[in-house]
Amino acid sequence: MSFSAEKIMHGVGASPGIAIGRALVVSRSPVQVPYRPLAEDQVEGEVERFRRAVEAARSELNAAKEELGPDLADYAYIIEAHLGILGDKMISHRSEELIRSQLINAEWALGLAEAEAKAIFDKVKDNYIRSRASDVEYVAGQVLRHLAGHNGIELSTIREKVVVVAHDLSPAETTQMDLGWIMGFVTDMGGPTSHTAIMAQAKAIPAVVGLERVSAEVASGDFVIVDGSNGTIIVHPDEETLHDYRDKQEAYEIYAQEILAQAHLPAATMDGRRLEVGANIELAEEVSTALTYGAEAVGLFRTEFLYVSQKALPTEEELLASFVTVAQRLEGRPVNIRTLDIGGDKFASSLELAPEINPALGLRAIRYCLKEPSLFRTQLRAILRASVYGQVRVMFPLISGVGELLQARQMLEEVKAELAAEGTPFDPDLKVGIMIEVPSAVAVADLLAQHADFFSIGTNDLIQYALAIDRVNEYVAHLYQPLHPAVLRMVRQVVDAAHGAGIPVGMCGEMAGDANEAPLLLGLGLDSLSMNPLAIPRVKQVLRLASAGEWAGLADQALGYATAAEVSRFMDAQLGKHFPEVLTPRTPLPKDMG
Ligand code: PEP
Ligand code: MG
């Protein structure tokens, strides 16, 4: 297809399927700074190129200033400051001087000028002025982007079929795109449970994340193959590869259709145990996809979206409209509405979150809500009001102990009393569940079970906190092991605690949607599994072929191993024996990971 050599890059498969097409680089990555010595006769051309980049950055800043609505007019001074830095001797003049005196390219000269300017700021005693060094960095970054030809693509204007290549994509950025045009996503950053990955899965868009340098190495217009099922991308594929992948793409599509045809059968095991298989969703619009793929419930409705996609906080009426839509579209099937889980890797454009050194251990989820009672109450009112439109339940995220749960429940009671006094209808018996995703909650699961109507294990966070592996850090993605004995023991402990207290326990982390783990989760005693809608047909198919009694014994055996690698080997052997036609062995763990 191309005259350039074929190149394969490996990342993390984040959403299955194969996309083949042209790349569009929308990267906001820190631009790589190349070093290039110049010949004398190249100097003036380089200065010209630098000036054009400065002018482009200036026009952009001016345009941004004009676009500030009246509500943000007070912040125009920040843009003014940036324009000031752009015009200042320290950056523009100094860079030109360096291009001329040292015969170096504009990017390198700018880097040196920036470092000199920052060194000057560093010496200033006043904290405020010293911190302005970050403005210098920002402005230099803007110029650099123009030098590199990254013009900050307007995501909402994408109107051709493309594979989006980015350093990282925030949920807000993803929402700006009309996803109908997006064939695939590839990003430098992110792990399998980053929100970009989850969004791609929900929309059935193949995605590979955690590629580290893809945004620097692929150019817009390059022909690429995205294999979201095994986490590779191929740039400039040759004819043979392309041919192979067109076949694979076709086979995948046939397979996906076949499995879909059985999606509506219940997940009843061979010996008659029935699990509820539900969907994880972020948008009311996803309910129809979820039902198509055979969801029997929405086991996790993530409610961050309305806080992320717009500048103003959602009103009670907006939240209510979204919750009612979901409840009604489910036509009597249950929905677990999870209260706001903001913070950690989840940003909100409508909320001012203070910067934290360890955001994953910081003010997130229920902690944030308990600190911001009016925001929390608004959500609780909307959930309670929606409860008369379907089978609605509330679920609190990141509960770390009984005190926190009682506090949240107390607020729920207050809101109920408020609604009752107003004469606003709600379900007085609204079920209250909690997510088990902090190791301390596992340790006191028996106590928590006394105060909750159901549990849902959030393995994305539970694994992160139990194994101390940042879920969005690609450098440690290989250490993120759902089959780690510590994780399996925790799941067992939570199931025992829930059943001991007579309440049901489900799982809604990504682990629940992995068909390879489904028999083990069945054996560990989970009552329900909730997952991205695309995973439902396969998980149901596997559960239908499994025997609960047999897997209870196999789960006990799995719990006897000392390392993730041993559990993984044991499971692969069992899967090969029990489901030879259905499951493919997982990628083996590297030997050194025990
Ligand atoms: C989890 O942590 O497993 C979970 C389902 O919640 P989230 O991915 O939204 O943090
Ligand atoms: Mg979580």
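So, Glu437: at a relative accessible area of 2%, this residue is buried. Keep in mind that we're looking at a predicted model. Asp461 is buried as well, also at 2% relative accessibility.

Okay, next stop, Ser92. You'll find Ser92 in helix α3, residues 89-102. Buried or exposed? Ser92 has 8% relative accessibility, and the cut-off for buried is under 20%, so Ser92 counts as buried. Setting aside neighbours within four places in sequence, Ser92 touches Phe50, Val54 and Leu86. Ala140 is 48 residues away from Ser92 in sequence, and their C-alphas are 9.4 Å apart in space.

Helix α13 (residues 316-329) packs on helix α15 (residues 373-386) at an angle of about 40°, and the axes are 8 Å apart. That angle makes α13 oblique to α15. The crossing of α13 past α15 is right-handed. Who makes the contact? From α13 we have Glu316, Glu317, Leu319, Leu320, Phe323 and Val324. On the α15 side, the residues include Thr378, Gln379, Arg381 and Ile383. Sort the contact of α13 with α15 by class and you get 7 nonpolar, 2 polar and 4 charged residues.

Conventions: Residues are numbered from 1 along each chain as its sequence is written. Chains are lettered from A and ligands numbered from 1 in the order in which they are written. This is a predicted model: local features need pLDDT of at least 70, side-chain atom pairs count only at pLDDT 80 or more; totals for chains, interfaces and linings use all residues. Side-chain values use heavy atoms; hydrogens and water are left out. Buried means under 20% relative accessible area, exposed over 50%, partly exposed in between (1.4 Å probe, protein chains only). Helices (H or I, at least four residues) and strands (E, at least two) are DSSP runs, numbered from the N terminus. Contact means heavy atoms within 4.5 Å. Axes are lines fitted to C-alpha atoms, for helices over the stretch in contact, and angles run from 0 to 180 degrees between N-to-C directions. Angles under 35 degrees count as roughly parallel, over 145 as roughly antiparallel, 65 to 115 as roughly perpendicular and the rest as oblique. A crossing is left-handed if the near helix is turned anticlockwise from the far one by less than a right angle, and right-handed if clockwise. Ala, Val, Leu, Ile, Met, Phe, Trp, Tyr, Cys and Pro count as nonpolar, Asp, Glu, Lys and Arg as charged, and the others, Gly among them, as polar.
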